[in-house]
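Subject: Structure handover

Hello,

Here is the structure you will be working with. Please look it over first; my notes on what was found follow below.

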Amino acid sequence: KSIDLAKSAIARGDNKVKIRELGKAIRILQEGLMGNLDLQRGGEVAANLLRIYEYCGMRLVQANVRGDSGALDEVTRLLGTVSAGWSEMEVAGRAQSVKYSS
C-alpha cells in the first residue's frame, strides 16, 4: 500500500507524501521482513530472501532520491513473487497436514 501511495505521489509531484510512504515501506521491509529472517535455521532460503529484501530496500531508496516509479514497480513485482511463493508453501503445507491426518 505504501509503495502504491508513493508511486501516486511521484506522479503528482508530492514529495512530502512520497518521502513519508517510502519511509514506511522501508521500515516494513527492514523491521518486518528482514528482521524476522532466521539466518541460522533458514539456511540458503533465508540468505536468498535477505539478498532480495536488501535489493528491494536499495531500490526504494533510489526511488525516493530519483523519483523513479519504475523502481517501485520492480520492488512490487519482486515482493509479489516472494509473497506468492509463501502462499504456495502455505497451501502445500496444509495439504500435507490433511494427508497425514487422514
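E21 is buried, at 3% relative accessibility, where buried means under 20% relative accessible area, exposed over 50% and partly exposed in between (1.4 Å probe, protein chains only). R20 is partly exposed at 43%. The side chains of these two residues, E21 and R20, form a salt bridge with an N to O distance of 3.2 Å; the term stands for a side-chain nitrogen of Lys or Arg within 4 Å of a carboxyl oxygen of Asp or Glu. K24 joins R20 and E21 in a network of such bridges.

A word on the basis: this is a predicted model, in which local features need pLDDT of at least 70 and side-chain atom pairs count only at pLDDT 80 or more, while totals for chains, interfaces and linings use all residues. Residues are numbered from 1 along each chain as its sequence is written, and side-chain values use heavy atoms, with hydrogens and water left out.

The whole structure has six salt bridges. Another of them pairs R59 with E74, with the closest N and O atoms 2.6 Å apart. R59 is in helix α3 and E74 in helix α4, so this pair ties together parts 15 residues apart in sequence. (Helices are DSSP runs of H or I, at least four residues, and strands runs of E, at least two, numbered from the N terminus.) Both ends are buried: R59 at 13% and E74 at 19%. R12 and D14 also form a salt bridge, at 3.7 Å from N to O; R12 is exposed at 52% and D14 partly exposed at 24%.

Beyond its neighbours within four places in sequence, L60 is in contact (heavy atoms within 4.5 Å) with residues including I3, L22, L72 and V75.

In α1, the buried residues are S2, I3, A6, A9 and I10. They fall within an arc of 120° seen down the axis, so they line one face of the helix; the arc is taken from the directions from the helix axis to the C-beta atoms. D4, A11 and R12 are exposed on the other side of α1.

Regards
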